[in-house]
Amino acid sequence: MAIDLPLSALLSQVLVAFTIEFDNEFERQMPHRTTNHGATAGSHHGPWLVSMVMWSNCMRFVGEEGVRVGELEDLARTPTNLNGMERWGYVVVEPDPADSQPKPPRSEWVIHATPKGRQAQEVWRPLFGAIEKRWQARFGKDQIDQLRESLWALISQIYVELPDCLPILGYGLFSRGPDREREAPAGRQNGIRLPLSALLSRVLLAFAIEFERESELSLAISANVVRILDEKGVRVRDLPLLTGVSKEAIAMAMGVLQKRRVAVVEPDPTGSRAKIARLTPKGREAQDGYRRLSGMIEQRWQVRFGKDTIRALRDSLERLAGEPTAQQSPLFRGLEPYPDGWRASVRKPNTLPHYPMVLHRGGFPDGS
């Protein structure tokens, strides 16, 4: 039941559900191309399909006059995959014609949206409000308003500037939070103006930062892969179905776990051709540590932010998540892809990720 999930897992499942629904609508409206799933009609030279995070950490800041490379990360409060966005056709990065330096540093170069990038901006911009209105109709306006209020009650007590999206995971699949010394300025943005996804992201990132200060493994790996494995072994090919995380992200996580001797991958002892992944004794300790530390952080937050604040947030999230399976969770009601969408052609997971696997591949919340 959702009542048994860590607070971070509840936040993740709601955020991932919002993101996938958002991405499905962007895919339907925006001409694009993909690696494995073809292109929309007449879009063989269109931009590569990317996820909502690439709006939040890049395209939202690229106005008509452009933005300097050195300014983008300060504005977004998190790095972006700028090389990817250029390669995928959303932006061009070039020296400022007004700059008199013979060889200006790249930080002084200017990012401009391409014509396709500007088209994508026009599609992205209204989608936050459109998806939230769908959620109000599906779950009830009062319920979504209560979720917003409970998220903002916590965020308003965090005096660090957090980004409006989760960061692209770094080395070891750790979340990269902002500088601890970077305090939020006076007159902070009102939570009413922030998209629901931004509110969810800020709270979840705050949890991840605290978790990862005390854990050898990232929250992304702990919550998704270590949580599922055991000492008997789980077939590697089943992990995407069991975790809601793409096979590419699973491969990255297993690389980290094997390097740190937390898990091993070996032939199936039953004789099948499948590979199994199992926890080592160190891995079992890591699994217990994930559960213990997640509970400790929630208890600390009750002291720091108020027991009523955390209880209200958990109640709101549990009502949306329900039983956290594809068959039972209300979150899955809005996740049926359009027939020609790429998610319609891949195997559907049994659950949503317990922490988003936002990778450099395009920022999709499940590492796709």
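Leaving aside neighbours within four places in sequence, G363 is in contact (heavy atoms within 4.5 Å) with S51, V53, M54 and V358. The structure is a predicted model, in which local features need pLDDT of at least 70 and side-chain atom pairs count only at pLDDT 80 or more, whereas totals for chains, interfaces and linings use all residues. Residues are numbered from 1 along each chain as its sequence is written, and side-chain values use heavy atoms, with hydrogens and water left out. G363 itself lies in the segment after α13 (307-321), where helices are DSSP runs (H or I, at least four residues) and strands likewise (E, at least two), numbered from the N terminus. Although G363 and S51 are 312 residues apart in sequence, their C-alpha atoms are 5.3 Å apart in space. With a relative accessible area of 2%, G363 is buried (under 20% relative accessible area, with exposed over 50% and partly exposed in between, for a 1.4 Å probe and protein chains only).

T243, in helix α10 (residues 239-243), also counts as buried, at 0% relative accessibility. The side chain of T243 reaches the backbone oxygen of L239 at 2.7 Å, and a polar atom of that side chain lies 3.1 Å from the backbone nitrogen of V245. Apart from neighbours within four places in sequence, T243 is in contact with N224, R227, I228, I250, T351, L352 and P353.

Two packed helices are described by the angle between their axes and the distance between the axes. For helix α8 (residues 196-213) and helix α9 (residues 219-226), the axes come within 9 Å and cross at roughly 90 degrees, the axes being lines fitted to C-alpha atoms over the stretch in contact, with angles running from 0 to 180 degrees between N-to-C directions. Helix α8 is therefore roughly perpendicular to α9 (65 to 115 degrees; under 35 counts as roughly parallel, over 145 as roughly antiparallel and the rest as oblique). The contact is made by F207, A208, F211 and E212 of α8 together with L219, A220 and S222 of α9. By class, this contact of α8 with α9 has five nonpolar, one polar and one charged residues.

A search of the whole structure for disulfides, defined as pairs of cysteine sulfur atoms within 2.5 Å, finds zero. C58 is in no disulfide, and the nearest cysteine sulfur, that of C165, is 10 Å away, which is too far for a bond. Both cysteines are buried, C58 with a relative accessible area of 0% and C165 with one of 3%.

Terms used. Nonpolar A, V, L, I, M, F, W, Y, C, P; charged D, E, K, R; others polar. Polar contact = N/O pair within 3.5 Å; in protein donor to acceptor, adjacent residues only side chain to side chain.
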